[in-house]
Amino acid sequence: MFCSAWGGSGVPSQITEKYHLFRELNNNGLLSLHPDLFVHFRYLERLDLSINQILDLPPSLFHNLQNVRQLNVSNNPLTRVYEEQFDSFINLQSLSMEEVEIPNISIRMFGFLSNLSHIYFKRFEYCTYSPNVRSCKPNTDGISSFENLLANIILRVFVWVVAFAICFGNVFVICLRSCVGSENEHHTMAIKSLCCADCLMGVYLFFIGAFDVKYCGEYNRHAHVWMESLSCQLIGSLALLSTEVSVMILTYMTLEKYVCIVFPFHHYRAGRKRTLCSLMSIWAVGFVLAFAPFCDRHTFGNFYGRNGVCFPLHSEQAEKPGARCYSTGIFLGETFLGFFHLIREKGWGNFVPRY
């Protein structure tokens, strides 16, 4: 039975088994479905409920549909999807949930779909909750893909090249500064500290490259476990620590230079002890910022495990509000202010009269 675009807002609850070919209910503006609507449809093989206004699919709605092989509930403003929603579909091969938000998604939700081979979601990150399917769409978020942690060969090559360049360059500078004497010892301390912070980003990239090799060709099968793992959390915190400490040290060094240029005859230059205390304070703040999300899982959720590269950029409405605000505060607040002061002080250092 095909009722595509028939214009109804509801479906009668008393439909008998003689209509067992009833398949298409898409594009009808349906608002709700009776829990017993499909109770007699045990021979149904395909069901299309897409492009409607259905807010809720009762858990018992699909209980007698063991023979369904294709199910489409796309483009419905569902307020929730129950964990046991699809338990009856033991023969389901294709499931389409495009444009459906699933904030409570879990592996359990698709655990009984042993024959499922194709699934279609709104977001790539949902694919990690169905690790055994052969095909999941969308198959990439631009960084990771269904097969690989790093989506394309350019990313896979450059992650190693950049990681090596970062680590080699910064280690070289540290060794050079240690071997060659400098009149400004305090500046050298800051340079070495900055190199150490930058090196952490190289270490982070090496780990990402290594795990990309480990999961090559079967990333989606391991994606959920990987993003929930302690390894992902730790290397994500390394990346955040590196980013924030680098910005703060650059800001500190620029401020020191600004003071020396603008006030050349004043005694504002920091001594060894003050420089050491400043750098230690910067690292302490960096550690607090990077590891604070470990302290409150309820507020931050899986802060570092929202994408395959474990970098905490939270921009989706589905994210935890605490994580989204914290990430925004760090990257658009602290980091932006650091670069703003850096640019301002560089400019003012060249144009403000000396005293």
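**Group meeting talk: a chain of strands, then helices**

Let me start in a loop: Ile-51 sits between β1 (46-48) and β2 (70-72). Helices here are DSSP runs of H or I with at least four residues, strands are runs of E with at least two, and both are numbered from the N terminus.

A word on the source. This is a predicted model, where local features need pLDDT of at least 70, side-chain atom pairs count only at pLDDT 80 or more, and totals for chains, interfaces and linings use all residues. Residues are numbered from 1 along each chain as its sequence is written, and side-chain values use heavy atoms, with hydrogens and water left out.

Back to Ile-51. Its phi is positive, about 55°, although Ile-51 is not a glycine. The cut-offs are under 20% relative accessible area for buried, over 50% for exposed, and partly exposed in between, using a 1.4 Å probe and protein chains only.

Next, Glu-99. This residue is in the loop between β3 (94-96) and β4 (118-120). Glu-99 is not a glycine either, yet has a positive phi of about 60°. Its relative accessible area is 45%, so Glu-99 is partly exposed.

One more loop. Pro-138 lies between β5 (135-137) and α1. The peptide bond from Lys-137 to Pro-138 is cis, and omega is near -5°.

Now the overall layout. The protein chain has seven helices and five strands. From the N terminus, the order is β-β-β-β-β-α-α-α-α-α-α-α. The chain has 355 residues, and 45% of them are buried. Take contacts between residues at least 6 apart in sequence: 56% of these join residues at least 24 apart. Contact means heavy atoms within 4.5 Å.

On to helix packing. Two packed helices are described by the angle between their axes and the distance between the axes. Axes are lines fitted to C-alpha atoms, for helices over the stretch in contact, and angles run from 0 to 180 degrees between N-to-C directions.

First pair: α1 (residues 153-179) and α2 (residues 185-214). Their axes come within 8 Å and cross at roughly 155°. Therefore α1 and α2 are roughly antiparallel. The classes are under 35 degrees for roughly parallel, over 145 for roughly antiparallel, 65 to 115 for roughly perpendicular, and oblique for the rest. The α1 and α2 crossing is left-handed. Left-handed means the near helix is turned anticlockwise from the far one by less than a right angle; right-handed means clockwise. The contact of α1 with α2 has 21 nonpolar, six polar and five charged residues. Nonpolar covers Ala, Val, Leu, Ile, Met, Phe, Trp, Tyr, Cys and Pro; charged covers Asp, Glu, Lys and Arg; the others, Gly among them, are polar.

Leu-176 lies in α1. Its relative accessibility is 45%, so Leu-176 counts as partly exposed. Leu-176 and Lys-192 are 16 residues apart in sequence, and their C-alpha atoms are 9.9 Å apart.

The α2 residues in contact include Met-189, Cys-196 and Leu-200; from α5, Leu-279 and Trp-283 are among them. By class, this contact has eight nonpolar, three polar and two charged residues.

Last, α3 (residues 219-228). Which residues of α3 are buried? Tyr-219, Asn-220, Ala-223, His-224, Trp-226 and Met-227. Down the axis of α3, these fall within an arc of 165°, so they line one face of the helix. That arc is taken over directions from the helix axis to the C-beta atoms.
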